[in-house]
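Trainee: Could we go through this model together, one feature at a time, before I plan my reading of it?

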Amino acid sequence: VQLQASGGGVVQAGGSLRLSCQISGLPERFDSLNWFREVSGMQRRLIAAVESGGAVHYGDSMKGRVTISRDKIKGVLYLQMNDLKPDDTAVYFCNLQAGNSYSPNYNHWGRGTLVTVSS
């Protein structure tokens, strides 16, 4: 499995960005596709998740300002982010959770994409 996030950049507060994650080798059975973010020196936090069955969940930090979606044909996971705030500055990662949740291979990570929100 390979995941490649893109779409980060510098945006002014109040602006919008759409992140994309190209997914290769998605297994037929998986639990969820997710977006996390990591602020320097802090633990990665879940921003949004879409389960294999289509159910969507959002973390508290950006709820109401983000929308997760997936293009199954293109194999791309998206994160639309609106009304961005300086506190949203972070590296954003796409993530696949599949297999045994107790296995060290349960989480698959791609390279992150940096989002910088200027005030």
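Mentor: Buried here means under 20% relative accessible area, exposed over 50%, and partly exposed in between (1.4 Å probe, protein chains only); strands are DSSP runs of E with at least two residues, numbered from the N terminus. This is a predicted model, in which local features need pLDDT of at least 70 and side-chain atom pairs count only at pLDDT 80 or more, while totals for chains, interfaces and linings use all residues. Residues are numbered from 1 along each chain as its sequence is written, and side-chain values use heavy atoms, with hydrogens and water left out.

Trainee: Do S9 and S11 run parallel or antiparallel, and which residue in S11 is the bridge partner of Val91?

Mentor: Three bridges join S9 to S11, and these strands run antiparallel. Within S11, the bridge partner of Val91 is Leu114.

Trainee: How many residues apart in sequence are the parts that the pair Cys21 and Cys94 ties together?

Mentor: A disulfide, taken as a pair of cysteine sulfur atoms within 2.5 Å, joins Cys21 to Cys94 with an S to S distance of 2.1 Å. Cys21 lies in strand S3 (residues 17-24) and Cys94 in strand S9 (residues 90-97), so the parts tied together are apart in sequence by 73 residues.

Trainee: Are Cys21 and Cys94 buried or exposed, and is their link right-handed or left-handed?

Mentor: Cys21 and Cys94 are both buried. With 60° about the S-S bond, their link is right-handed.

Trainee: Which residues do salt bridges that share partners join into one network?

Mentor: A salt bridge is a side-chain nitrogen of Lys or Arg within 4 Å of a carboxyl oxygen of Asp or Glu, and Asp88 and Arg65 meet in one at 2.7 Å, N to O. Asp88 and Arg65 are both buried. Salt bridges with shared partners join into one network Arg37, Arg65 and Asp88.

Trainee: What is the relative accessible area of Arg44?

Mentor: The side chains of Glu38 and Arg44 meet in a salt bridge, 2.6 Å from N to O. Glu38 is partly exposed at 26%, and Arg44 is also partly exposed, with a relative accessible area of 29%.

Notes. Helix = DSSP H or I, 4+ residues; strand = E, 2+ residues; numbered from the N terminus. Pairing = 2+ DSSP bridges.
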